[in-house]
Amino acid sequence: MRYKLILLLILLTAPGFAQSYLNYIDSIRQSIFDHSNNQDKVQSMILLSGHFSTRNYDSAVMYGNKALNLAKQINFDEGIIAALCILGVAHTRGGNLSKALEAEFKGLQLAKEKKFKAGEALCYYTIGKSYYFLKDYSNSVKYCSKARQLYLQNPDKSDGLISVYYAENDPFLDNDLVLAEAFMDNNQLDSALLYYQILYRESTDSSWKAIISIFLGDALFRYGEKNTGIDFLKKAFHLKQMEEDHYSIAWASSILARCYKELNQTDSSIYYAKVGLLSAQKVGFKDRMLKTARHLAEEYEKIDTKEAYPYLKLSTTLNDELFGQDKVFALQKTLSDVQQQQQETEKREIAFKNKIRFYLLLAGLGIILGIAL
């Protein structure tokens, strides 16, 4: 059960799904009422939370909390960890990073207490994802690397529920994608390109390949292969438009807007920024809403200050919402609590090791004394 739940959650935290998989969502919603097994109900709620995390923030949080509450009622530890992680993903995409990290570190603490390595790896991955959106790229690399290392140490996928569209792939694909993104924004472009190219080559699903193409295109553009980079981005953009995957459209559009700005093609830059802003608004993707609104304010500032004003106002409001004083205080408190918790855990581990050494020493002395007598 534990690997089934963890691998399911890994798929849900990826940015997009194949269309035929999305058609299954209604039956999953109905299955919550049909299941007599509470663990199955928890799993269904987690699936729905993951689905809505790229579509509707309130629904994602609602199903995540329902899964968490039920898992606690039935003492289902794997379900608690998975629910905390999916809530973390929902809060990250909704722009509430303090709540995201609070949930994910709680999940990590429980996974460590229960010696649940798959759950521990999952928590490291979602924490790395949250740190990426916090723009703390070094910590993002650190936690995603820990997730990758743990998964490679526990590679058994035989007991996992893996969608037919990802059956050929590593269930930590999105972890590697986040890791590559963190490398890229941490100015480690060679490492990022290496990961993107491997992910692109090994992917067998066209929808997932398009998601990878967005970031591979960005990396190639930054590397100087501008035409090739834009080709990758546009192909991914058009495929995601056909799928109506607004979360991925927001990513692709915001990157295309930045690329065309660098090429001094203002009309194209504004067009893609507007598409990106609209898509981000549809799914409540605050990070991309802020980037595209800020981008439009800067572009219109060059040609029409009146047109720039509403976008400047929107970007200011979003910036305060995401990184305002209240959010900063909440985030500082969360990180302080996490640090204190980690220090206490380390003290307990050291005390336990010292106790073991003391007992071994006593046993050794006892043997020596026995021989001497």
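Which residues in α11 meet which residues in α12? Before selecting them, note that this is a predicted model, in which local features need pLDDT of at least 70 and side-chain atom pairs count only at pLDDT 80 or more, while totals for chains, interfaces and linings use all residues. Residues are numbered from 1 along each chain as its sequence is written, and side-chain values use heavy atoms, with hydrogens and water left out.

**First stop: α11 and α12**

Select residues 189-202 for helix α11 and residues 206-223 for helix α12, which pack at an angle of about 150° with their axes 9 Å apart; helices here are DSSP runs (H or I, at least four residues) numbered from the N terminus, and axes are lines fitted to C-alpha atoms over the stretch in contact, with angles from 0 to 180 degrees between N-to-C directions. The angle makes α11 roughly antiparallel to α12 (over 145 degrees). In contact (heavy atoms within 4.5 Å), Leu189, Asp190, Leu193, Tyr196, Gln197, Leu199, Tyr200 and Arg201 of α11 meet Lys209, Ile212, Ser213, Phe215, Leu216, Ala219, Leu220, Arg222 and Tyr223 of α12. By class, the residues of this contact divide into 11 nonpolar, 2 polar and 4 charged, where Ala, Val, Leu, Ile, Met, Phe, Trp, Tyr, Cys and Pro count as nonpolar, Asp, Glu, Lys and Arg as charged, and the others, Gly among them, as polar.

**Second stop: α15 and α16**

Next select residues 266-283 for helix α15 and residues 286-303 for helix α16, whose axes come within 9 Å and cross at roughly 150°. That makes α15 roughly antiparallel to α16. The residues that meet include Ile270, Ala273 and Leu277 in α15 and Met289, Leu296 and Ile303 in α16, and the contact has 9 nonpolar, 6 polar and 3 charged residues.

Now select Leu68, found in helix α5 (residues 57-73), which at 8% relative accessibility counts as buried (under 20% relative accessible area, with a 1.4 Å probe and protein chains only). Not counting residues up to four places away in sequence, Leu68 touches Ile80, Ala83, Leu84 and Leu87, while its C-alpha atom is separated by 10.0 Å from that of Cys85, 17 residues apart along the chain.

**Last stop: confidence**

Finally, colour by pLDDT, the predictor's confidence in each residue, from 0 to 100: the chain averages 82, and 74% of the residues score at least 70. Confidence is lowest in helix α2 (residues 19-22), at a mean of 48, and highest in helix α14 (residues 246-262), at 96. Over residues 157-170 the pLDDT is below 50, although this stretch has 38 contacts in the model beyond near neighbours in sequence. Where pLDDT is low, the predicted coordinates should not be read in detail.

Methods:
Helices (H or I, at least four residues) and strands (E, at least two) are DSSP runs, numbered from the N terminus. Angles under 35 degrees count as roughly parallel, over 145 as roughly antiparallel, 65 to 115 as roughly perpendicular and the rest as oblique. Buried means under 20% relative accessible area, exposed over 50%, partly exposed in between (1.4 Å probe, protein chains only).
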